[in-house]
Amino acid sequence: MIKMLEKAIAAISPKWACNRAFYAESLRAYEAGEVTRFNDGWTPINEDTENAEKTQRDLIKARARYLENNSDIAQAAIGGIVRNVVGTGIKPQARTGDEGLNFKIEELWRKWTRPENCDITEQQSFEEMQSMLLRRKIVDGEVLVKKVVQKNGTFPFRLQVIKSDLLSATMLIAPKTGNIIRSGIELDDHLKPLAYWIEKKTPDGYIEYDPDRVRADEIIHLWTRRQPDQIRGISDLAPIIKRLKETQDYLDAETVAAKIAACFSVFVKTQTGSPGTVGRAAVAKDPEKKKLQSIRPGMIKYLQPGESVETANPSRGIANAKDYVAIQTRLAGAGLGLSYELMSRDFNQSSFSAARQGMLEDRKTFEPIQNWLAGHLCDPVYREWLDLCVMSGLLDIPDYFAHREAYQAVEWVTPGWSWIDPQKEVNADITAIQNGGKTLAQWCAERGYDWREQLQQMALEKKTAEDLGLTLAIHTPITVQAAMSNHVDTGKDGGNSQDDNDDNDDNEEGENGKKEE
């Protein structure tokens, strides 16, 4: 019918038919947009990001937490990210332009990062809080940090970590301002957070449903924004949650199959199908008066006529799961930007080149997270801490607030990584440093060291050795060592020692003098 209509239109108006054909072909330009009998059940819709996410956020969060606690693959992924991004902690290097002041600030920061000074519960150091916050951001999708000012204690500034579960789900309009509240966050017309409405929670774990309004400048909201109209975070594990759960279920099933295979089961098959026939009661027990329902070592048993023995031999085993789990682990790692080796800890099949390439790709995943954590957590904490240290008199900087930006200049040193073949990498680094392609500060930063501390320690070791009358080769430049080696006395047969050269010079001078006379 449609073809007949097209022919009729073409006969009446070829131009109209041509336009219809053009637009019909345009509709078929993207197969991804076709609706056929194979994909007619897949019809997602585009809507406001927060409206779409808020209905599933808590369920996704609960499932991610379940996998965190029960899935070894999920734990490997989360632990691998936290271990490589935070490690021993992200530490500051002050850049005020005054080395003496830089040293004072860094020493004061080290004291503040102790659990009794930085944590409102006095239980975690700042480095430990970094690890926990990153873990909660990965699993929960977001976490809140409240900046608290207290009068007691050495330092007035502390941090309080708040789970995203406590953001109010009932508040819709701010009582005094009339601003819109969405998912516990009070917003302006541009979706900028003005305040966070946080539920009160008693020490015994009960929520009072009487939220407090906390200004946005008092809260550090750690999450990743992927949509322009997104307001809150979603778990980083969301794309792989289904895969991880299915893999866990599959492994559980394979484990049960392996247990069954380990149990040697024997079945007695009869022709009549009735084991309780007349005349068998007297032989239903062995000489020990025990029923013959199990196999014991050294047992000999004659079966009744018409009976035969069959053994249960399940064909499934845990070894069959290797390939399946490897594929699922590889795909789950790819979803998080991690290599198979980091996810599985399996390096048996990796060559040097493949392992090195995987490590480099992993670092491209870790480095942006390090920068994100330094910029969104460490920077605001450092600035607030420095302000309060000056105001409380812990730091004496008279013109601090006149040049606040200059005094707050800081560089964050992130944990470094070791290489697969250190000798090759170190030689390459030495060449780069000697040719000016890399500085000592860059080299130290790549390994998580403070270059100032490195030089100070080297100077201390050199001075200590010299005070003890020792001269170590590691404290002498390579060029000087090479020059010294050219002037070493090789002995009587060497003929090239400095003393021999001096004697020869003296003899030549003497002979020349006689000739002149």
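Please keep in mind that the model is predicted.

Let's begin with the sheet. Three strands make up an open sheet in the order β3-β2-β8, and they pair antiparallel. The edges belong to β3, residues 157–162, and β8, residues 219–223; each has a single partner strand, so one side of each is left without a neighbour in the sheet. On average, neighbouring strands here are turned by 25 degrees against each other, ignoring direction. If you look at β2, residues 142–149, you will find five bridges joining β2 to β8 in the antiparallel sense. One place to look is Lys146, whose bridge partner in β8 is Ile219. Helix α8, residues 126–140, packs on this sheet and touches β2, β3 and β8. The direction of α8 makes about 145 degrees with that of β2.

Now to the rings. The count comes to 13 aromatic pairs. One of them is Trp109 with Trp112, a tilted pair with 5.0 Å centre to centre and 45 degrees between the planes. These two tryptophans are three residues apart in helix α6, residues 99–112, so about one helical turn separates them. Are they buried or exposed? Trp109 is buried at 3% relative accessibility, and Trp112 is buried at 0%.

Another pair is Tyr382 with Trp412, edge-to-face, at 5.7 Å and 85 degrees. This pair links distant parts of the chain, with Tyr382 in helix α12 and Trp412 in strand β11, 30 residues apart.

Finally, ring pairs join Trp109, Trp112, Phe126, Phe157, Tyr382, Trp385 and Trp412 into a cluster.

Terms used: Residues are numbered from 1 along each chain as its sequence is written. This is a predicted model: local features need pLDDT of at least 70, side-chain atom pairs count only at pLDDT 80 or more; totals for chains, interfaces and linings use all residues. Side-chain values use heavy atoms; hydrogens and water are left out. Two strands pair if DSSP finds at least two bridges between them. Helices (H or I, at least four residues) and strands (E, at least two) are DSSP runs, numbered from the N terminus. Axes are lines fitted to C-alpha atoms, for helices over the stretch in contact, and angles run from 0 to 180 degrees between N-to-C directions. Contact means heavy atoms within 4.5 Å. Rings of Phe, Tyr and Trp (its six-membered ring) pair if their centres lie within 6.5 Å; planes under 30 degrees apart count as stacked, over 60 as edge-to-face and the rest as tilted. Buried means under 20% relative accessible area, exposed over 50%, partly exposed in between (1.4 Å probe, protein chains only).
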